[in-house]
Amino acid sequence: MTASRITGGCQCGAVRFACEALGKASICHCRMCQKALGGYFGPFGVARGLVWTRGEPKRFQSSNTVRRGFCADCGTPLTYEYGDTVDVTLGSLDDPAAFPPLLQIGLEGRLPFFAGLADLPVRTAAQNDQYAAAYAAIVSYQHPDHDTEAWPPAGRTP
Ligand SMILES: [Zn+2]
Ligand SMILES: [Zn+2]
């Protein structure tokens, strides 16, 4: 029996996974990870005992040794697969705060402004108030951060 079950999935809910443990949580700055994630780095952890509990990712062979999995419906990047090992994207976990990265790799691609990101200015409370009404009107179609019996809920469009 597993002591705990780590779950995650894509934005639209078509692909969900569970694993028993996550190891080697890291962020990779290499250009391939930037491109694959559409972000500034790739956050990955080695998934042990991984099972797909709903759907399965589509794969893109990004090099002679690596396939990258993503949801074919919504595009969420989900895996980095090599040999028998599958890493999952840490941002696709239902509780990403529970698995902080412990290592940076691919430093040759690290963007020059990376170290300053946390120091960027933030919106003031007054600016937040300006947007509050617009945000309050937003209805999310994103899958929630937990497993569901069925998704999307019956009767919802899209
Ligand atoms: Zn999806
Ligand atoms: Zn990389």
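## The zinc site

In this predicted model, the zinc ion (ligand 2) is held by the SG atoms of Cys28, Cys30 and Cys33, at 2.2 to 2.3 Å. Donors here are N, O and S atoms within 2.8 Å of the metal (3.2 Å for Na, K and Ca), and water is not among the atoms, so sites may look incomplete. Along the sequence, the donor residues of the zinc ion follow the spacing C-x1-C-x2-C.

Are Cys30 and Cys33 buried or exposed? Both of them are buried. The cut-offs go like this: buried is under 20% relative accessible area, exposed is over 50%, and partly exposed is in between (1.4 Å probe, protein chains only).

## How the model is read

Residues are numbered from 1 along each chain as its sequence is written, while chains are lettered from A and ligands numbered from 1 in the order in which they are written. Since this is a predicted model, local features need pLDDT of at least 70 and side-chain atom pairs count only at pLDDT 80 or more, while totals for chains, interfaces and linings use all residues; side-chain values use heavy atoms, with hydrogens and water left out.

## The chain as a whole

The protein chain has 2 helices and 10 strands. Helices (H or I, at least four residues) and strands (E, at least two) are DSSP runs, numbered from the N terminus.

The C-alpha trace spans about 50 × 45 × 30 Å along its principal axes. Of the 158 residues in the chain, 32% count as buried.

Take the largest pocket, with a volume of about 290 Å³. Of its 19 lining residues, Ser26, Cys28, Tyr80, Asp87 and Ile105 are the closest to its centre. One of these, Cys28, also coordinates the zinc ion. A pocket is found on a 1 Å grid over the protein atoms alone, as an open set of points with protein on both sides within 12 Å along at least five of seven lines, where a cavity would be a set of points where a 1.4 Å probe fits but cannot get out; lining residues have an atom within 4 Å of a point. Grid points are joined across faces, edges and corners, and the volume is the space filled by probe spheres set on the points. Strand E3 (21-28), helix H1 (31-37), strand E4 (42-48), strand E8 (77-82) and strand E10 (103-105) each bring at least two residues to the lining, and E3 gives the largest share, with 4 residues. By class, this lining has 13 nonpolar, 3 polar and 3 charged residues. (Ala, Val, Leu, Ile, Met, Phe, Trp, Tyr, Cys and Pro count as nonpolar, Asp, Glu, Lys and Arg as charged, and the others, Gly among them, as polar.)

The second largest pocket has a volume of about 240 Å³. Among the 18 residues lining it, Gly9, Cys10, Gln11, Gly91 and Ser92 are the closest to its centre.

## Aromatic rings

How many aromatic pairs are there? The count is 6. Rings of Phe, Tyr and Trp (its six-membered ring) pair if their centres lie within 6.5 Å; planes under 30 degrees apart are stacked, over 60 edge-to-face, and the rest tilted. Phe17 and Trp52 have ring centres 5.9 Å apart and planes at 80 degrees, so they are edge-to-face. This pair links distant parts of the chain, with Phe17 in strand E2 (residues 16-19) and Trp52 in strand E5 (residues 51-54), 35 residues apart. Phe17 is buried at 0% relative accessibility, whereas Trp52, at 23%, is partly exposed.

Tyr80 and Tyr82 also make an edge-to-face pair, with 5.3 Å between centres and 65 degrees between planes. Tyr80 is partly exposed at 22%, and Tyr82 is partly exposed at 29%. Together with Phe44, Tyr80 and Tyr82 form one aromatic cluster.

## Backbone details

Which peptide bond is cis, with omega near 0 degrees? That is the bond from Trp151 to Pro152, and Pro152 lies in the segment after H2.

Lys24, in strand E3, has a phi near 50 degrees, a positive value in a residue other than glycine. Lys24 is exposed, at 68% relative accessibility.
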